[in-house]
Amino acid sequence: MVFIRYILYWKKRFIEQPITDFCTVIRTNAQGPEENQVEYYLLCDVLPEDRVLREQLQQKRLEEVLEQQQQERNDSNFARICMFCNEEFAGNRAVLFNHMAKDHSFNVGLPDNIVYCNEFLDLVQKKMDNLQCLYCEKTFRDKTTLKDHMRKKQHRRINSKNHEYDKFYTINYLELGKNWEEVQAEDDREMTEEQDDDWSDWQDHPVCVVCLFCEKAKDTTEKLQHHMKVAHQFDFPKLKSEMGLNFYQQVKLVNFIRREIHQCRCSKCGETFSSKADVVNHMTETNHMMSLLERSAWDQPQYYFPTYENDALLCSLSDCENESVADNQATDIPVIAEDISNLETLKQSSILNCLHHPDTKN
């Protein structure tokens, strides 16, 4: 569709003005007879008008993809059979993806990053039906052999080098003419170029930790937790202690709450509102702040991925198990070492002398 729009635009412009006003002329066999010479016209984004057109079409395409993605996210009529165990799933597409990730170790990343979901699953299903491994793409003689191979070789994942899958990930639509590998490589180069061996001018920037329910930010986690407790009646340390959350469960819980608030949805009853302020007011009035959905709703692999980039709150989480160990160590009775300055005396008075050895004769 984007290419058709591009062609139609230039078709109109070539009618309005000579083609040589826009294109570079390339003549082949320039040294030969004139009747054997062929002229080609090169149109590329070196021309400012062409560059602007490509960027506009790219932006339009991105908007269409994001709109399609949002529709699929909100689609509650999704129905599909798991390609690994034939169990049927209905409702939101995330349910199926979470099942495949948890029960079959088949992880395609965060489901919310996928677009054209049904087409993507059709493609994967087709490869499986053709007895083709999804990662190494070798073909096997039967389904049992294929499944054993994918399990033993840990090939229950798609091949990121296969550009056939690029269409289904929104990152490939972000920048003109670049797929996810080029975007990632560009980010890595920028980080390398910015590195400097001279650290003399290093300044430690203060951490800015943002509230789960509003735009309030604090410079320490303790201050933020106090703010959430006073302003929103949300006591995160108490919740962590009562539920016995380890570090990874805390990460998933924070990402889950952030996502629910971002989507203006109550994390307890699932009711949707028109703004973040409305959903926070609702949760406060109905005492839903400290009442979450069942653990199975948020304790999912997809919530390992942060809702917001560089979320400082995730970096400040601590493992309650480590804390309890530290508390136990602090209250333990101290062990005092024996005085070994006179070793011979110590040996003679040792309780070991009272032990009866089987080989010792009375």
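In this predicted model, helix α1 (residues 2-16) packs against helix α2 (residues 48-74) at an angle of about 150°. Their axes lie 10 Å apart. The crossing of α1 and α2 is right-handed. On the α1 side, the contact uses Val2, Arg5, Tyr6, Tyr9, Trp10 and Arg13. On the α2 side, it uses Glu49, Asp50, Leu53, Arg54, Leu57, Lys60, Arg61 and Glu64. By class, the contact of α1 with α2 holds 6 nonpolar and 8 charged residues, with no polar ones.

Next comes the pair α8 and α9. Helix α8 covers residues 236-243, and helix α9 covers residues 247-262. They pack at an angle of about 130°, with their axes 12 Å apart. That angle makes α8 oblique to α9. The crossing of α8 and α9 is right-handed. Phe236, Leu239 and Lys240 of α8 make the contact with Gln250, Leu253 and Val254 of α9. By class, the contact of α8 with α9 has 4 nonpolar residues, 1 polar and 1 charged.

Helix α3 spans 93-104, and helix α4 spans residues 117-129. The axes of α3 and α4 come within 12 Å and cross at roughly 35°. Which hand does the crossing of α3 and α4 have, left or right? The crossing is left-handed. Arg93, Leu96, Phe97 and Met100 in α3 meet Cys117, Phe120 and Leu121 in α4. By class, the contact of α3 with α4 has 6 nonpolar residues, 1 charged and no polar ones.

| Helix pair | Angle | Axes | Hand of crossing |
|---|---|---|---|
| α1 and α2 | about 150° | 10 Å apart | right-handed |
| α8 and α9 | about 130° | 12 Å apart | right-handed |
| α3 and α4 | roughly 35° | within 12 Å | left-handed |

Now the pockets. The largest pocket has a volume of about 910 Å³. Its lining is made of 27 residues. Leu110, Asn113, Tyr169, Thr170 and Ile171 lie nearest the centre of the largest pocket. Which helix gives the most to the lining of the largest pocket? That is α2, with 3 residues. The lining of the largest pocket divides into 12 nonpolar, 10 polar and 5 charged residues.

The second largest pocket holds about 590 Å³ of space. It is lined by 23 residues. Asn92, Ala94, Val95, Arg259 and Tyr303 lie nearest the centre of the second largest pocket. Several helices take part: α2, α3, α9 and α11 (295-298) each supply at least two residues of this lining. The largest share comes from α3, with 6 residues. By class, the lining of the second largest pocket has 7 nonpolar, 10 polar and 6 charged residues.

How many cavities of 30 Å³ or more does a search of the whole structure find? The search finds 1. The largest cavity has a volume of about 80 Å³. Its lining includes Phe97, Asn98, Met100 and Ala101. Phe106, Asn107, Val108, Gly109 and Pro111 also line the largest cavity. Pro301, Gln302 and Phe305 line it too. By class, the lining of the largest cavity has 8 nonpolar and 4 polar residues, and no charged ones.

Two residues link this cavity to the helix packing. Phe97 and Met100 line the largest cavity, and in α3 Phe97 and Met100 are among the residues that meet α4.

Terms used:
Residues are numbered from 1 along each chain as its sequence is written. This is a predicted model: local features need pLDDT of at least 70, side-chain atom pairs count only at pLDDT 80 or more; totals for chains, interfaces and linings use all residues. Side-chain values use heavy atoms; hydrogens and water are left out. On a 1 Å grid over the protein atoms alone, a cavity is a set of points where a 1.4 Å probe fits but cannot get out, and a pocket is an open set with protein on both sides within 12 Å along at least five of seven lines; lining residues have an atom within 4 Å of a point. Grid points are joined across faces, edges and corners, and a volume is the space filled by probe spheres set on the points. Ala, Val, Leu, Ile, Met, Phe, Trp, Tyr, Cys and Pro count as nonpolar, Asp, Glu, Lys and Arg as charged, and the others, Gly among them, as polar. Axes are lines fitted to C-alpha atoms, for helices over the stretch in contact, and angles run from 0 to 180 degrees between N-to-C directions. Helices (H or I, at least four residues) and strands (E, at least two) are DSSP runs, numbered from the N terminus. Angles under 35 degrees count as roughly parallel, over 145 as roughly antiparallel, 65 to 115 as roughly perpendicular and the rest as oblique. A crossing is left-handed if the near helix is turned anticlockwise from the far one by less than a right angle, and right-handed if clockwise. Contact means heavy atoms within 4.5 Å.
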